[in-house]
Amino acid sequence: MKNDLESIDPLRRLAIAGAAAMPVVAALPGTARAAVLPGAQAPDFALRTVDGKEIGLSAQRGRHVVLEWTNPGCPFVQKHYDSGNMQALQKRYREQGVAWLAISSTNPSSRDWLEPAKLAARMIGDWGASPTALLLDEDGKVGRAWGAKTTPQMFVIDPQGKVVYAGAIDDRRSTDPADVARAKNWVVAAFDDIAAGRAVATASTVPYGCSVKY
């Protein structure tokens, strides 16, 4: 398995107040994909869950949403699940009314691809993951539209449909589960700011992890 650490250029930080309503994107070097930036209106999508139901992002309007790009074959993803970190975050924020959508954009041609039942068995059965939904983006259209480059990669969306955080899950670029306890978790920091009624202080970071297997 290839442990391919990959990152993108730092995302440009945008002021949330007064941001334009149209989606804001930034070109990524060497690719036609674009990254959705804080301050942008979240591009809508509808995807099938591992059990065949359709979930649309627009249906979550009125509450906060977390998007988590995932791939259980990636050591960086394994770090956050083997440590119990990602499951704890899912449980914590879902209990607060947040919709947590985990998305697999792994192409069926990749050796990391798992058929839906096996993906669910790995993430929900073995790891005890509890996202609101585990979604399949096998043609990669949604991942490319959002500029998802790594697994894991995180986005936080506010109840009005604006992106308020985009980037890495934390500041420890390693595959060591022990680093989770020493890391500053950017998703937690974003929600702490939201709970305090202030703008998200660190609205964008450089994501790290394995490349999304488009």
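This is a predicted model: local features need pLDDT of at least 70, side-chain atom pairs count only at pLDDT 80 or more; totals for chains, interfaces and linings use all residues.
1. Seven strands form an open sheet in the order β4-β3-β7-β6-β5-β9-β10, and the pairing is mixed. At the edges sit β4 (54-56) and β10 (163-167), each with pairing on one side only. From one strand to the next, the twist averages 30 degrees.

2. Now look at the β10 end. β9 and β10 run antiparallel and are joined by four bridges. If you want a landmark there, M154 stands opposite G167 in β10.

3. Two helices to find against the sheet are α3 and α5. Helix α3 (residues 116-126) lies across β6 and β7 (133-136), at about 145 degrees to β7. As for α5, it packs on the sheet and touches β5, β9 and β10, with its direction making about 10 degrees with that of β9.

4. Then there's the α2 and α5 pair. The axes of α2 (residues 85-94) and α5 (residues 186-195) come within 11 Å and cross at roughly 15 degrees. That angle is under 35 degrees, so α2 counts as roughly parallel to α5. The crossing is left-handed.

5. Which residues in α2 and α5 meet? From α2 come L89, R92 and Y93, and from α5 come V187, V188, F191 and D192. Sorted by class, this contact has five nonpolar and two charged residues, with no polar ones.

6. Last, the buried side of α2. N85, M86, Q87, L89, Q90 and Y93 are its buried residues. They pack against β5 (65-69), α1 (75-82), β6 (99-104), β9 (153-157) and α5.

How values were computed. Residues are numbered from 1 along each chain as its sequence is written. Side-chain values use heavy atoms; hydrogens and water are left out. Axes are lines fitted to C-alpha atoms, for helices over the stretch in contact, and angles run from 0 to 180 degrees between N-to-C directions. Angles under 35 degrees count as roughly parallel, over 145 as roughly antiparallel, 65 to 115 as roughly perpendicular and the rest as oblique. A crossing is left-handed if the near helix is turned anticlockwise from the far one by less than a right angle, and right-handed if clockwise. Contact means heavy atoms within 4.5 Å. Ala, Val, Leu, Ile, Met, Phe, Trp, Tyr, Cys and Pro count as nonpolar, Asp, Glu, Lys and Arg as charged, and the others, Gly among them, as polar. Buried means under 20% relative accessible area, exposed over 50%, partly exposed in between (1.4 Å probe, protein chains only). Two strands pair if DSSP finds at least two bridges between them.
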